[in-house]
Amino acid sequence: MKLICGPMATVSHPAFRFLVEKFGGCDEYFTEMINAGTLLTGGPFEKYYLDSSPCPQKIVWQLTSKNTELMLGAAERIVKLDGIGIDLNMGCSAPDIYKTGAGISWMIKDRAETFAMVEGVGKIISLYNSSAVDNKKRFSVKLRLGDDNFTDEGFFSFCDGLVERGVQLLTLHPRTKKEKLTLTPRYAYCQKLAERYKGSGLQIYLNGNIKDKASYDYALSVAPDVDGVMISRASVQKPWIFSELKQSSLKESIDMQELALSFIDDVEKYQPPEFWKTRLQRFFTYFCMNFKFSHYAQTQFLNAKDNEDLRSRIKDFFEKCPEEKLFIPK
């Protein structure tokens with residue numbers, strides 16, 4: 001079973017991948033959404049989004065845009081980079097994404113427009129693969145069930161349309177556009193997809209609410225025929241979760257202070273100063289959930305005025321709460 005680190009805004013960057021790799025890593029890393037328009041206009045920060053360190057062979061480049069022409073232009077550039085392939089984001093339901101016509105909007109807008117875009121990207125990847133000796137690229141889509149009024153017939157016919165246009169992998173987060181993360185994902189739809197395309201070569205990844213061995217086992221009990229499991233938010237809280245799932249348990253104690261301080265070092269090394277604050281705040285929002293005094297840690301770390309203040313606050317926290325310093329995963 002493949003284990004995949006999902007795409008997360010302000011998280012899925014090289015510094016975070018280095019951290020996960022320290023604990024054995026995973027099979028694939030999806031990048032955070034790369035805005036096709038900004039990529040093509042040569043934004044000042046795009047080189048940071050295109051940094052595939054430390055494991056370019058495991059990278060899946062995820063593209064987002066509201067515009068077909070921009071998506072095709074970005075695909076023509078991205079397909080030449082190292083990595084596993086290109087993924088189209090059709091699952092992001094954040095209002096600031098779908099209201100622009102990107103993300104899950106591609107599942108809701110006129111299918112002729114959506115399928116024309118998918119077919120165009122598929123042709124770009126196919127053309128590249130026809131002349132590539134090795135490092136051929138995979139074409140994938142990450143999606144949800146659709147809008148809240150979705151039907152089984154509509155959802156499966158939409159997936160059929162993607163597959164007919166060259167998509168080789170579907171990652172399903174089995175919730176609708178507005179369903180909250182507190183609701184249990186409908187993993188049965190992942191299994192239905194696996195059964196629908198069995199023997200076709202199409203891969204299915206399951207995504208949503210995997211946070212430990214128990215939730216992982218439950219998801220696979222419902223959808224045993226999927227090809228992989230994607231984990232996102234839980235990997236930020238527990239960068240060792242992939243090793244934990246592979247080995248059933250990870251007994252080595254973890255120096256949480258050293259981990260936190262080294263992560264700051266890597267963010268400074270691999271991200272521009274303009275990104276430091278958002279990247280670190282997002283990471284520590286989840287990472288602090290490991291602590292008994294998580295709210296106190298979050299308040300201290302997220303309110304740091306700069307990185308040196310953050311380092312000082314981290315050291316102060318562990319001095320006051322020494323029992324939190326060494327962590328043994330369950």
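Student: Which residues of helix 1 are buried?

Tutor: Please bear in mind that this is a predicted model. In helix 1, the buried residues are Pro-14, Ala-15, Phe-16, Arg-17, Leu-19 and Val-20. Just after this helix, Gly-24 adopts a positive phi of about 105 degrees.

Student: Which residue other than glycine has a phi near 65 degrees, and where is its place?

Tutor: That residue is Thr-10, whose phi is positive and near 65 degrees. Thr-10 sits in the loop between strand 1 (2-5) and helix 1. A further case is Asn-135, with a positive phi near 55 degrees, in the loop between helix 7 (111-131) and strand 6 (138-143).

Student: Where is the peptide bond that is cis?

Tutor: The bond from Ser-53 to Pro-54 is cis, and its omega is near 0 degrees. Pro-54 belongs to the loop between helix 3 and strand 4 (59-64).

Student: How many cavities of 30 Å³ or more does a search of the whole structure find?

Tutor: The search finds one. The largest cavity has a volume of about 80 Å³. It is lined by 13 residues, and those closest to its centre are Ser-12, His-13, Glu-32, Tyr-48 and Tyr-49. Helix 1 (14-22), helix 3 (46-49) and helix 14 (273-287) each give two or more residues to this lining. By class, the lining has five nonpolar, four polar and four charged residues.

Student: What lines the second largest pocket?

Tutor: This pocket holds about 150 Å³ of space. Its lining includes Met-107, Ile-108, Arg-111, Leu-145, Asp-147 and Phe-158. Helix 6 (105-108) and helix 8 (152-164) are the elements that give two or more residues to the lining, and helix 8 gives the most, with three residues. The lining residues divide into six nonpolar, four polar and two charged.

Student: How is the packing of two helices described?

Tutor: Two packed helices are described by the angle between their axes and the distance between those axes. For helix 13 (residues 256-270) and helix 16 (residues 307-320), the angle is about 175 degrees and the axes are 10 Å apart. An angle over 145 degrees counts as roughly antiparallel, and helix 13 and helix 16 are therefore roughly antiparallel to each other.

Student: Which residues make this contact of helix 13 with helix 16?

Tutor: Helix 13 contributes Met-256, Gln-257, Ala-260, Leu-261, Ile-264, Asp-265 and Glu-268, while helix 16 contributes Asn-307, Leu-310, Arg-311, Ile-314, Lys-315 and Phe-318. Seven of the contact residues are nonpolar, two are polar and four are charged.

Student: At what angle do the axes of helix 14 and helix 15 cross?

Tutor: The axes of helix 14 and helix 15 (residues 294-302) cross at roughly 170 degrees and come within 9 Å. This pair is therefore roughly antiparallel. Gln-281, Phe-284 and Thr-285 of helix 14 meet Gln-298, Phe-301 and Leu-302 of helix 15. The residues of this contact divide into three nonpolar, three polar and no charged.

How values were computed: Residues numbered from 1 in each chain as written. Predicted model: local features only at pLDDT ≥ 70, side-chain atom pairs only at ≥ 80, totals over all residues. Heavy atoms only, no water. 1 Å grid on protein atoms, 1.4 Å probe; cavity = no way out; pocket = protein on both sides within 12 Å on 5 of 7 lines; lining within 4 Å. Points joined across faces, edges and corners; volume = space filled by probe spheres on them. Helix = DSSP H or I, 4+ residues; strand = E, 2+ residues; numbered from the N terminus. Nonpolar A, V, L, I, M, F, W, Y, C, P; charged D, E, K, R; others polar. Axes fitted to C-alpha atoms, helices over the stretch in contact; angles between N-to-C directions. Parallel < 35°, antiparallel > 145°, perpendicular 65-115°, else oblique. Contact = heavy atoms within 4.5 Å. Buried < 20%, exposed > 50% of the residue type's maximum accessible area, 1.4 Å probe, protein only.
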